[in-house]
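Try each task before you read its solution.

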Amino acid sequence: MITLKANWNYAIDGEKRHFLVKAIRNRSVIGRAHGWFSPNAAFVVEKIELSERYRSRGYGTSMVEELRSTARANGCSSFVFSGVRPYNSGAIRLYESMNAVATGKPGDN
């Protein structure tokens, strides 16, 4: 079982609102997911990190869904991912399974 701890004011850059969710298990951070959105625009999931031993258990999905549901509640119109390296097939599969669309080149923001 994990606990999600969200920081909804992680950073603000103009209209962009950056959010961070941490996955905690037994008082240790086992993963992080970061994304941003501008009001009435796309939510961009930018990065997800999860300790290798905790992958493929649904924890990554839980972190991204926490970001996504808050973005939706704040007027996001679509869900995209950016900056994912082509060889990171696990992250790409996760995002695509949540109906996210790739945008930009790796490293673009």
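**Exercise 1: Pairing around E3**

Task: In which direction does strand E3 run relative to strand E4, and how many bridges join them?

Solution: 
- Find E3 at residues 28-37 and E4 at residues 42-50.
- The two strands run antiparallel, joined by seven bridges.
- Check a pair: Arg 32 stands opposite Glu 49 in E4.
- Check another: Ala 33 has Ile 48 of E4 as its bridge partner.
- Now turn to strand E2, residues 16-25, which also runs antiparallel to E3, over nine bridges.
- There, Ala 23 is the bridge partner of Gly 31 in E3.
- Look at the hairpin of E2 and E3: two residues lie between the strands, and Asn 26 takes a positive phi near 50 degrees.

**Exercise 2: Across the helix**

Task: What handedness has the β-α-β unit of E4, helix H1 and E5?

Solution: 
- Start at E4, pass along H1 (residues 59-73), and end at E5.
- E4 and E5 (residues 78-81) pair in the parallel sense over four bridges.
- The unit is right-handed.

**Exercise 3: Cover and confidence**

Task: Is E3 mostly covered or mostly open? Which element has the highest mean pLDDT?

Solution: 
- Buried means under 20% relative accessible area.
- Seven of the ten residues of E3 are buried, so by that cut-off E3 is mostly covered.
- The model is predicted.
- Its chain has a mean pLDDT of 80, with 87% of residues at 70 or more.
- Among the elements, E3 has the highest mean, 88.
- Strand E1, residues 3-13, has the lowest, 75.

How values were computed: Residues are numbered from 1 along each chain as its sequence is written. This is a predicted model: local features need pLDDT of at least 70, side-chain atom pairs count only at pLDDT 80 or more; totals for chains, interfaces and linings use all residues. Side-chain values use heavy atoms; hydrogens and water are left out. Two strands pair if DSSP finds at least two bridges between them. A crossover is right-handed if, with the strands pointing away from the viewer, the path from the first strand over the helix to the second runs clockwise. pLDDT is the predictor's confidence in each residue, from 0 to 100. Buried means under 20% relative accessible area, exposed over 50%, partly exposed in between (1.4 Å probe, protein chains only).
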